[in-house]
Amino acid sequence: MLNRTADTQKRTWWASGEVSTHIMIWVLYTIYFSLLIHFFSGDPITPKFILQAIVYRMGDAMLFYGLALVVLPRFFSKSKIFQLTLSFLVLLGLYLGWRAWIEYILMPGLFNTVGAKIAQMVSLTIFNGNTYVMFSVGYFFALKSIKQQKEIAHQEIAIAEKDAEIARQDAELAILAKEKTLAEMAFLRAQINPHFLYNTLNMLYSKVRGASKEAGNIILTFAEMMRYATSTRMQQDTVDLEGELDFVKQYLELQRQRFNNNIFIDYEEQGDFSYFRIMPMVLITIVENSFKHGELHDPESPLQIRAILEDDILTFSTWNLKRKDDNPITDKGQTGIGIDNIKKRLKVVHGEAQELSVIDDKDDYAVFFTLNFNYNPNGI
């Protein structure tokens, strides 16, 4: 973990664009330090003098960055005291070796005697080393503090974004709840007296049955549909899937009778629908939209409706050719609940277990609805 932290800090340093700044600081520092030596010791500024200043600063930089970017990031913790001490001594040894190489091999003869040379070299090295060690430790903690402040800022931004997202979701849920309440109120207003409606329809059925069996069947089918649509179960979040499919089939039969069997519908269902529940009025809304947009008089291209339940996944789809004229086959008694509203309600009732998509192009109109009854958002 500490190794990854050290690597991250080094990558951050190299990627931060600070390298050129550091080089410039070291160049200016080398010039400043060399001029001090020149003015106080009187050493002439020669190529050897310049080379000496550069190689000395290279050793100082090795100690500074080795401690700030390698040793401390890797081993600065209570459990790494031994590794920290050992690494520091190794780094200090390399620093001493670098200074000894300069004064014994690269530029010998700086001091009169070997003893004096060694003593002065070690003392100067320790003095200079302590200075760069302090600078290095300060630089390490400065980087560490800046990094922590950035992490805190990122965390605060992430928390603020999450809070904003939660607030947005809460607002959407509040809007959906309000829309659901308004829809329920409208539904209740439509139920002024359903018994009066049923009694009237039954009276009409008894009157026309003798004169026209077909008209009597139409009234009977419509009465059954209204009984289902205005029942109290429609106020629940979910209803029996089988009942919804029966409602769709009654609607299709009513439309066939309405247009004297001059519309062409290819309906197919597969599976056992009796054990599952679904949000009410979803399937009928999809079918109503097919009637609204479709050309239903072409026997070669009938309205295709498929209700398939496989592996506890419902797939309900419709497809039809789009009508070319401007006079749609519309049912004056449509529910008025559009696809967009259905999508919002589905999200509240079934969440991510459902998906509804619409294809509405120049020639075709299709709707695909899937509902996974085994969906578990926690993946258990």
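Buried means under 20% relative accessible area and exposed over 50%, with partly exposed in between. The legends below apply these terms to a predicted model.

**View 1. Aspartate 312 in the loop between β4 and β5.** Aspartate 312 sits in the loop that runs between β4 (303–310) and β5. With a relative accessible area of 28%, aspartate 312 falls between the two limits and is therefore partly exposed. Its phi is near 60°, a positive value in a residue other than glycine.

**View 2. Serine 317 in strand β5.** Strand β5 covers residues 313–321 and includes serine 317. The relative accessible area of serine 317 is 14%, and the residue is buried. Its contacts, leaving aside neighbours within four places in sequence, are Gln304, Ile305, Arg306, Val367 and Phe368.

**View 3. Methionine 281 in the loop between β3 and α9.** Methionine 281 is placed in the loop between β3 and α9. The phi of methionine 281 is near 70°, which is positive although the residue is not glycine. At 12% relative accessibility, methionine 281 counts as buried.

**View 4. Helix α10 and the elements that cover its buried residues.** Helix α10 spans residues 339–350, 12 residues in total. From its first C-alpha to its last it reaches 15 Å, close to the 16 Å expected at 1.5 Å a residue. Its buried residues are Ile339, Ile342, Leu346 and His350. Seen down the axis of α10, these residues fall within an arc of 50°, so they line one face of the helix. The cover over the buried residues of α10 includes β3 (277–278), α9 (282–293), β6 (354–360) and β7 (364–372). Just after the helix, glycine 351 takes a positive phi of about 60°.

**View 5. Helix α8 and its buried residues.** Helix α8 comprises 18 residues, 241–258. The distance from its first C-alpha to its last is 26 Å, close to the 26 Å expected at 1.5 Å a residue. Buried residues in α8 are Leu241, Gly243, Glu244, Leu245, Phe247, Val248, Tyr251, Leu252, Leu254, Gln255 and Gln257. Just after α8, asparagine 260 has a positive phi of about 50°.

View 6. Side chains of opposite charge can pair when their charged atoms come close. Lysine 249 and aspartate 246 form a salt bridge, with their closest N and O atoms 3.5 Å apart. These two residues are three apart in helix α8, so about one helical turn separates them. Lysine 249 is partly exposed at 29% relative accessibility, and aspartate 246 is partly exposed at 36%. A salt bridge also joins the side chains of arginine 256 and glutamate 253, at 3.8 Å from N to O. Arginine 256 and glutamate 253 are likewise three residues apart in α8, and thus separated by about one helical turn. Arginine 256 has 22% relative accessibility and counts as partly exposed; glutamate 253, at 32%, is partly exposed.

View 7. The side chains of aspartate 360 and lysine 322 meet in a salt bridge of 2.7 Å, N to O. Aspartate 360 belongs to strand β6 and lysine 322 to the loop between β5 and α10, so the pair ties together parts that are 38 residues apart in sequence. Aspartate 360 is partly exposed, with a relative accessible area of 45%. Elsewhere, salt bridges that share partners join Glu165, Arg168 and Glu172 into one network. The structure holds 10 salt bridges.

**View 8. Tyrosine 95 in helix α4.** Tyrosine 95 lies in helix α4 (residues 81–106) and is buried, with a relative accessible area of 0%. Not counting residues up to four places away in sequence, tyrosine 95 touches Gly59, Asp60, Met62, Leu63, Thr125, Asn128, Gly129 and Tyr132. Its side chain makes a polar contact of 2.6 Å with the side chain of aspartate 60. Tyrosine 95 and tyrosine 56 are 39 residues apart in sequence, and their C-alpha atoms are 10.0 Å apart in space.

**View 9. Residues 327–336 and the confidence of the model.** Over residues 327–336, pLDDT stays under 50. For this stretch the model has 18 contacts beyond four places in sequence. The protein averages a pLDDT of 77, and 75% of the residues score at least 70.

Key
Residues are numbered from 1 along each chain as its sequence is written. This is a predicted model: local features need pLDDT of at least 70, side-chain atom pairs count only at pLDDT 80 or more; totals for chains, interfaces and linings use all residues. Side-chain values use heavy atoms; hydrogens and water are left out. Helices (H or I, at least four residues) and strands (E, at least two) are DSSP runs, numbered from the N terminus. The expected span of a helix is 1.5 Å times one less than its number of residues. Buried means under 20% relative accessible area, exposed over 50%, partly exposed in between (1.4 Å probe, protein chains only). The arc is that of the directions from the helix axis to the C-beta atoms. Contact means heavy atoms within 4.5 Å. A salt bridge is a side-chain nitrogen of Lys or Arg within 4 Å of a carboxyl oxygen of Asp or Glu. A polar contact is a pair of N or O atoms within 3.5 Å; within protein, one must be able to donate a hydrogen and the other to accept it, and residues adjacent in sequence count only if both atoms are side-chain atoms. pLDDT is the predictor's confidence in each residue, from 0 to 100.
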